[in-house]
Amino acid sequence: MVLAVRGLCKAYGEVIVADQVELDLASGECLGVIGPNGAGKSSLFHLLTGTVAPDAGSIRLAGRELVGLPAHRRARLGIARAFQVPQPFAHLSVYENVLAAASFGAGQRGDAAAESALQALRRCGLDAQAERQAGTLPLLDRKRLEVAKGIAAAPQLLLLDEVAGGLTEREVQAMVALVHELKRAYAVIWIEHIVHALKAVAERVMVLHFGRKLLEDAPQAVMDSAVVREIYMGIPADAAA
Ligand SMILES: Nc1ncnc2c1ncn2[C@@H]1O[C@H](COP(=O)(O)OP(=O)(O)O)[C@@H](O)[C@H]1O
Ligand SMILES: [Mg+2]
């Protein structure tokens with residue numbers, strides 16, 4: 001198992017962002033995460049990456065406990081995250097951005113870092129844009145760059161936070177194809193509001209609400225569930241039948 005989460009809890013005062021969350025994920029699997037705004041989806045990634053400490057619970061990566069380790073140690077152990085809002089160094093080239101991720105994220109140097117960066121660019125379809133200033137990329141390519149920075153750090157677990165958000169339908173399809181390719185090599189957790197995109201690539205989808213996992217099942221079963229219609233789409237369960 002790449003990732004095993006047990007009894008994960010976190011609250012900010014009255015606001016509960018993780019309530020006894022449990023997760024298991026193997027390499028080659030993609031877990032989709034949906035839930036209303038404020039459900040705790042991004043917070044789950046903060047907890048996994050180590051930018052936020054849990055109140056209770058365990059997070060194991062390939063059997064190793066991560067709780068208590070700082071974010072940079074977890075990055076080196078193989079957790080990479082693509083942020084919801086792309087945050088490239090706008091004045092550096094696309095290649096330099098990915099090289100920085102390989103160097104600082106994964107601690108690679110010299111030729112090894114350069115090779116990781118080039119490979120990540122190729123996998124994300126950005127090799128032709130390598131010399132371009134990152135700040136001038138259109139949105140799909142900025143999202144791809146976010147992913148490339150993640151995989152340049154040689155992860156075991158890749159966390160994608162709304163990487164299809166704001167894209168056109170065609171661009172969403174391109175992102176789905178990319179994630180499909182990536183999950184062959186990594187365990188992937190993909191937070192996304194665009195449920196049909198998740199359906200095309202995730203084996204399972206989990207539903208978060210007030211930090212609690214309400215449901216985890218095959219994408220279609222989740223989409224069909226009355227619980228999801230009620231809490232996620234705002235349709236009362238009795239009206240959805
Ligand atoms: N550092 C923080 N301090 C206080 N409240 C926070 C903090 N981070 C997130 N929250 C709150 O926790 C809830 C969950 O946030 P988040 O995980 O970003 O939701 P999602 O990604 O599902 O939309 C929100 O109500 C948010 O305002
Ligand atoms: Mg979020």
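Reader: What should I know about numbering and confidence?
Author: Residues count from 1 along each chain as its sequence is written, and chains are lettered from A and ligands numbered from 1 in the order in which they are written. The model is predicted: local features need pLDDT of at least 70, side-chain atom pairs count only at pLDDT 80 or more, and totals for chains, interfaces and linings use all residues.

Reader: How many residues of domain 1 are in contact with domain 2?
Author: Bounds come from an automatic or database domain assignment. Here domain 1 is 3–78 + 156–239 and domain 2 is 95–154. Their C-alpha centres lie 24 Å apart. Contact means C-beta atoms, placed from the backbone, within 7 Å. By that test, 14 residues of domain 1 touch 15 residues of domain 2. On the domain 1 side, α2 (71–77), β7 (157–161) and α6 (169–182) each supply at least two residues. Helices (H or I, at least four residues) and strands (E, at least two) are DSSP runs, numbered from the N terminus. α6 gives the most, with six residues.

Reader: What is the strand order in the six-stranded sheet?
Author: Strands of a sheet pair through backbone hydrogen bonds, either parallel or antiparallel. Pairing here needs at least two DSSP bridges between two strands. The open sheet runs β6-β7-β8-β3-β9-β10, with mixed pairing. β6 (79–82) and β10 (212–217) have a single partner strand each, so one side of each lacks a neighbour in the sheet. Inside, β7 and β8 (residues 187–191) run parallel, joined by five bridges. Leucine 157 stands opposite alanine 187 in β8.

Reader: Which strands are at the edges of the four-stranded sheet?
Author: That open sheet has the order β2-β1-β4-β5, with antiparallel pairing. β2 (15–25) and β5 (64–65) are its edges. Five bridges join β1 (residues 3–12) to β4 (residues 56–61). Arginine 6 stands opposite serine 58 in β4.

Reader: Why does the span of α5 agree with its residue count?
Author: An α-helix has 3.6 residues a turn, so residues three or four places apart point the same way. The expected span is 1.5 Å times one less than the number of residues. For the 14 residues of α5 (residues 139–152) that gives 20 Å, and the end C-alpha atoms are 20 Å apart, so the two agree.

Reader: Is α5 covered or uncovered?
Author: Mostly covered: 13 of its 14 residues are buried. Buried means 20 or more other C-beta atoms within 10 Å of a residue's own, exposed means 12 or fewer, and partly exposed is in between, with C-beta atoms placed from the backbone. Just after α5, alanine 154 takes a positive phi of about 55°.

Methods. Two residues are in contact if their C-beta atoms, placed from the backbone, lie within 7 Å.
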